[in-house]
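Q: I would like to learn how to read helix packing and a ligand shell from a model. Can we take the features in turn?

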Amino acid sequence: MAAPEGQEAIVAEPQRPITNILIIIAMQTEALPVVNKFHLTEDPHSPFPQGVPWVRYHGTYKDLNINLIWPGKDPTLGVDSVGTISSALVTYAAIQALQPDLIINAGTAGGFKAKGASVGDIFIVSDCAFHDRRIPIPVFDLYGVGLRKAFETPNLTKELDLKVARLSTGDSLDTTEQDESSILANDATVKDMEGAAVAYVAELLKVPAFFIKAVTDIVDGDKPTAEEFLQNLASVTAALDVAVEKVISFINGKCVSEL
Ligand code: ADE
């Protein structure tokens, strides 16, 4: 399918097997199971500027060099550096330093039951957009929404039997009425705090990127989001970890055009 007008499809070198992958995960709780599963180790000579909290874990799995970047803890407050600013910065810095063939952004998300999401579901993202960048001036409105296609992975999606949905990204865990109507206008099933920012940088630097999101909480349900998120974080992270392992195993030995 052609990319929407104004959007360039990312066409990576189709015939060379993927060797260098970059996984971006915002929360330590989400990242560490993947680090442990692939026996990744922290790089003592980080390629990032001195003083930033960003952490590079790396290792090999079969024919793949795996780099997992976690944006680390906020230097002042000591909590995970979630959200679009940190994720855009680490994506930019990691692409510059590591020249990956492929980016995977994995993490948790809120899901909409009206669009068919349940807690524990794992989604591959078809398109990303922002829901909290409202600029009601012609064309700036479209820039704010920032709709982008993710790199398409039809074979991977089919083989691993994953659901496919649109993702909407914003810098808040909770959802105001205004956010909710923008998310529905984006036709999104899942909502996170990083995806569209990673997609923006990946497109700028022409690296194919796809997104795996696991649902921890139901946005249009009756439980308070923060409570439901924290309650389900450990179990859903375990499911995400299994999915990431299957995805990496599928990728090994393939070219991007075979995903
Ligand atoms: N990550 C997990 N749940 C989320 C939600 N409801 N909104 C944004 N990011 C999330």
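A: We can, bearing in mind that this model is predicted. Begin with a contact between two helices: in α1, Thr 29, Glu 30, Pro 33, Val 34 and Lys 37 meet Leu 233, Thr 237, Ala 238, Leu 240, Asp 241, Val 244 and Glu 245 of α7. By class, this contact has six nonpolar, two polar and four charged residues.

Q: Why do residues three or four places apart in a helix point the same way?

A: An α-helix has 3.6 residues a turn, so residues with that spacing end up pointing the same way. In α1, the residues that meet α7 include Glu 30, Pro 33, Val 34 and Lys 37.

Q: At what angle do α1 and α7 pack?

A: Helix α1 (residues 28–37) and α7 pack at about 40 degrees, and their axes are 9 Å apart. Angles under 35 degrees count as roughly parallel, and α1 and α7 are therefore oblique to each other. Their crossing is right-handed.

Q: How does the pair α2 and α6 read?

A: Helix α2 (residues 84–98) and helix α6 (residues 195–204) pack at an angle of about 30 degrees, with 8 Å between their axes. That makes α2 roughly parallel to α6. The crossing of α2 with α6 is right-handed.

Q: Which residues of α2 and α6 meet?

A: From α2 come Thr 84, Ser 87, Ala 88, Thr 91 and Tyr 92; from α6 come Ala 197, Val 198, Tyr 200, Val 201 and Ala 202. The residues of this contact divide into seven nonpolar, three polar and no charged.

Q: Is α6 mostly covered or mostly open?

A: Burial is read by counting C-beta neighbours, with 20 or more within 10 Å making a residue buried. By that count α6 is mostly covered, as nine of its 10 residues are buried. Among them are Gly 195, Tyr 200 and Glu 203. Just after α6, Lys 206 takes a positive phi of about 60 degrees.

Q: And Leu 89: buried, partly exposed or exposed?

A: Leu 89 lies in helix α2. It counts as partly exposed because it has 17 C-beta neighbours inside 10 Å.

Q: Which elements supply the shell around the ligand?

A: For a shell, ask where its residues come from, then of what class they are. Here β5 (102–111), β9 (190–192), β10 (209–218) and α7 (225–251) each supply at least two residues. β5 gives the most, with three. The residues around the ligand include Thr 108, Lys 191, Asp 217 and Phe 229. By class, the shell has five nonpolar, four polar and three charged residues.

Terms used: Residues numbered from 1 in each chain as written. Predicted model: local features only at pLDDT ≥ 70, side-chain atom pairs only at ≥ 80, totals over all residues. Near = placed C-beta within 6 Å. Helix = DSSP H or I, 4+ residues; strand = E, 2+ residues; numbered from the N terminus. Nonpolar A, V, L, I, M, F, W, Y, C, P; charged D, E, K, R; others polar. Axes fitted to C-alpha atoms, helices over the stretch in contact; angles between N-to-C directions. Parallel < 35°, antiparallel > 145°, perpendicular 65-115°, else oblique. Left-handed = near helix turned anticlockwise from the far one by under 90°. Contact = placed C-beta atoms within 7 Å. Buried ≥ 20, exposed ≤ 12 C-beta atoms within 10 Å, placed from the backbone.
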